[in-house]
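Biologist: I'm new to this one, could you walk me through it? Please put it up first.

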Amino acid sequence: MVEDDDLTPNVMSNQMWSSNGEFVPPDGICWVSVLSCLLLACSYVGSLYVWRSDLPRDHPAVIKRRFTSVLIVSALSPVFVWTWKVYTGVMPGPSLLALMGIRFEGLIPAIILPLLLTMVLFLGPLIQLAMDCPWGFMDGITVALDPWFWALCLRDMRWLRNQVVAPLTEELVFRACMLPMLVPCASPSTAMLTCPLFFGVDVVFTAHFHHVIELLRFRQGSVSGIFLAAVFQFSYTAVFGAYTAFIFIRTGHLVGPVLCHSFCNHMGFPALSTALEHRHRLTILSCYLLGVLLFLLLLFPLTDPLYYGLPTPVCTLASVPSSLCIS
């Protein structure tokens, strides 16, 4: 005998798969997905500003408080995905953790290849850094292998924020949790481009709105200059977010985006003006160009889903075939 619960549709729809095995999203899923992502983004960025303090953002006390609030939101972020899944009735094959990029299959390539690809993109800045560094290569290796060096890093609140907490929590919330909710209602390519907007808009209008008001109030910049700075920051954040979303979709792993994010935080935005004035500017600029060309050439081969296990978990939720999910 069939139980009544088996005949009851899910909240939105009980038709999840077509006759040929393709995923069919429930009606109205996009509104639920977008609102869920927006709520998650506001919760994350808002958690940074619940603490009232006159101390600067780099003060250890401020950093520790923000660690507390942002780690709580990040720990609760999988609940958003689980609630979304229950409400929409989406029943994916992979587990919730696998959808969020936490899995063992293809883990070693996911640690090495995306980071290598990102380092190729930064070939010019890395060569410039090596030329200007007073240390020799072996000195650098010695420092990197010194446990006291890492112990000092772990005691530095700013280092922990920039290299560990920010990359881990931002990628967990804005890629691992949002992409599984966005992919079912749009193609993976559209989700890749949409996902960074939640973080970019939130950062510009929430995190920096008070800073813009302060600059205007004390006449520390022109309106056009402040506006251009905000536009640049939003654009850079959106492009970088799209790149890490691309890595997440192609590899199906969280670790790749986290490591790339940490590396980019360490490197910062390429100092092109300094490169143009460098005594070896021809060599450095050639490396800049070579790095970009190699990056474009290796972008798809080094993120081939074949290395990470086909199909990647988030791609199983795609309602239409996508080149991002194909080897």
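Biologist: How many residues does the chain have, and what share of them count as buried?
Modeller: Of the chain's 327 residues, 41% count as buried, where buried means under 20% relative accessible area, exposed means over 50% and partly exposed lies in between, with a 1.4 Å probe and protein chains only. This is a predicted model, in which local features need pLDDT of at least 70 and side-chain atom pairs count only at pLDDT 80 or more, while totals for chains, interfaces and linings use all residues. Residues are numbered from 1 along each chain as its sequence is written, and side-chain values use heavy atoms, with hydrogens and water left out.

Biologist: How many helices and strands are there?
Modeller: The chain has 15 helices and zero strands; helices (H or I, at least four residues) and strands (E, at least two) are DSSP runs, numbered from the N terminus.

Biologist: Okay, how do H3 and H9 sit, parallel or antiparallel?
Modeller: The axes of helix H3 (residues 60–88) and helix H9 (residues 157–182) come within 10 Å and cross at roughly 15°, where axes are lines fitted to C-alpha atoms, for helices over the stretch in contact, and angles run from 0 to 180 degrees between N-to-C directions. H3 and H9 are therefore roughly parallel to each other, as angles under 35 degrees count as roughly parallel, over 145 as roughly antiparallel, 65 to 115 as roughly perpendicular and the rest as oblique.

Biologist: Which residues make that contact?
Modeller: Among them are Phe67, Ser77, Val81 and Trp84 of H3 and Arg161, Val173, Cys177 and Met181 of H9, with contact meaning heavy atoms within 4.5 Å. The residues of this contact of H3 with H9 divide into 17 nonpolar, three polar and three charged; Ala, Val, Leu, Ile, Met, Phe, Trp, Tyr, Cys and Pro count as nonpolar, Asp, Glu, Lys and Arg as charged, and the others, Gly among them, as polar.

Biologist: And H2 against H9, at what angle do they pack?
Modeller: H2 and H9 pack at an angle of about 170°, with their axes 9 Å apart, and that makes H2 roughly antiparallel to H9. The contact includes Ser36, Leu40 and Tyr44 of H2 and Phe174, Cys177 and Met181 of H9.

Biologist: Cys177 keeps coming up; is that residue buried or exposed?
Modeller: Cys177 is buried, with a relative accessible area of 0%. Not counting residues up to four places away in sequence, Cys177 touches Leu40, Ser77, Pro78, Val81, Met100 and Leu172. Cys177 and Ser77 are 100 residues apart in sequence, yet their C-alpha atoms are 6.8 Å apart in space.

Biologist: What about Ser36, which residues does it touch?
Modeller: Ser36, which lies in helix H2, is buried with a relative accessible area of 15%, and beyond residues up to four places away in sequence it touches Phe80, Trp84 and Met181.

Biologist: Switching topic: how many residues are in the largest nonpolar core?
Modeller: The largest nonpolar core has 56 residues, and those with the most contacts inside it are Tyr44, Trp84, Phe174, Met178, Leu179 and Ile249; a nonpolar core is a set of buried Ala, Val, Leu, Ile, Met, Phe, Trp, Tyr and Cys residues joined through side-chain atoms within 4.5 Å. H9 gives the most to this core, with 12 residues.

Biologist: Last one, where is the cis peptide bond?
Modeller: A cis peptide bond joins Leu310 and Pro311, with omega about -15°, and Pro311 is placed in the segment after helix H15 (281–298).
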